[in-house]
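Reader: I would like to go through this structure with you term by term. For each label that you apply, please set the value against the definition before you conclude.

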Amino acid sequence: QPVAPIRLVGGSTPNSGRVEVQYYGVWGTVCGDYWNINDATVVCRQLGYNGTAIPLTNAVFGQGTGPIWMDNVFCNGSESSLDRCPFNGWGINYCGHYQDAGVVCQNYTQPVAPIRLVGGSTPNSGRVEVQYYGVWGTVCHDYWDINDAKVVCRQLGYNGTIRASTNAEFGQGTGPIWMDNVTCTGSESSLDQCPFNGWGISDCWHDQDAGVVCGDSTRPVVPLRLAGGSTPNS
């Protein structure tokens with residue numbers, strides 16, 4: 001048949017989503033086994049995107065339905081279309097849709113990446129998570145320090161920063177580890193303005209997830225008084 005059409009489904013932007021391929025008129029998904037940057041590069045090029053490609057697995061854009069058409073895809077990155085890459089054969093797989101592969105094709109500048117704190121006992125503490133093209137992920141603690149924490153707390157609207165947290169103190173996250181080797185100066189207006197390896201480029205595991213404890217700017221001033229003195233000022 002001619003080149004098998006592909007599409008991205010479930011992403012928050014047109015250049016991100018679950019990879020689906022059409023084989024003889026039927027749309028299906030691609031298993032995440034061995035899915036890497038070479039495979040993602042071919043997908044993005046086939047769809048007309050020229051920027052860096054980020055591979056994602058474990059159905060981060062939701063589970064598809066229908067057949068899983070491709071498994072064990074081994075692109076070298078130079079192929080003109082996904083169906084030109086080596087793979088098991090159409091419909092031959094040992095996967096479930098919870099393993100569906102996805103991509104983010106970088107072709108334009110996204111607004112400031114949202115961040116949030118998760119897993120803390122108070123709103124101003126927790127594991128740092130960042131949203132990139134609609135997908136929430138974590139930050140690796142390599143080189144994570146008070147300067148990085150200051151930027152996170154400022155971006156979230158807190159006036160103070162108490163400390164940086166490492167080793168998944170607030171629990172291990174799930175999904176991609178979006179940022180690694182973050183080296184903020186402390187003056188940046190948002191975390192994604194700090195130097196780091198690049199989106200999704202990491203050699204970390206979730207037991208290395210970074211966190212912060214921010215000063216609570218919303219807490220009211222605690223009243224105090226002087227008692228027992230012989231004068232008002234004692």
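Reader: How many helices and strands are there in the protein?

Author: There are two helices and 12 strands, where helices (H or I, at least four residues) and strands (E, at least two) are DSSP runs numbered from the N terminus. From the N terminus on, the elements run β-β-β-α-β-β-β-β-β-β-α-β-β-β. This is a predicted model, in which local features need pLDDT of at least 70 and side-chain atom pairs count only at pLDDT 80 or more, while totals for chains, interfaces and linings use all residues. Residues are numbered from 1 along each chain as its sequence is written, and side-chain values use heavy atoms, with hydrogens and water left out.

Reader: What makes Cys31 and Cys95 a disulfide?

Author: A disulfide is a pair of cysteine sulfur atoms within 2.5 Å, and the S to S distance from Cys31 to Cys95 is 2.0 Å. The torsion about their S-S bond is about -85°, so this disulfide is left-handed. Cys31 lies in the loop between strand S3 (26-30) and helix H1 (37-46), and Cys95 in the loop between strand S5 (68-70) and strand S6 (102-105), so the pair ties together parts that are 64 residues apart in sequence. Both cysteines are buried, that is, under 20% relative accessible area, with exposed meaning over 50% and partly exposed in between (1.4 Å probe, protein chains only).

Reader: Why is the disulfide of Cys75 and Cys85 right-handed?

Author: The torsion about the S-S bond of Cys75 and Cys85 is about 105°, so that disulfide is right-handed. Its S to S distance is 2.1 Å. By the distance rule the count comes to six disulfides, and with the bonded cysteines numbered in sequence order the pairing is 1-5, 2-6, 3-4, 7-11, 8-12, 9-10.

Reader: What makes a set of residues a nonpolar core, and how many residues has the largest?

Author: A nonpolar core is a set of buried Ala, Val, Leu, Ile, Met, Phe, Trp, Tyr and Cys residues joined through side-chain atoms within 4.5 Å. The largest has 29 residues, and those with the most contacts inside it are Val139, Trp144, Trp178, Leu191 and Val212. Helix H2 (146-155) gives the most to this core, with four residues. Apart from this core lies another, of 23 residues, among them Val19, Val21, Tyr49 and Leu82.

Reader: How do you know that Asp180 has no salt bridge?

Author: A salt bridge is a side-chain nitrogen of Lys or Arg within 4 Å of a carboxyl oxygen of Asp or Glu; Lys and Arg count as positive and Asp and Glu as negative, whereas His and the chain ends are not counted. For the buried Asp180, the nearest side chain of opposite charge is Arg127, 15 Å away, and Asp180 has no salt bridge. Asp180 is placed in the loop between S11 and S12. Leaving out residues up to four places away in sequence, Asp180 is in contact (heavy atoms within 4.5 Å) with residues including Cys140, Asp142, Phe196 and Cys204.
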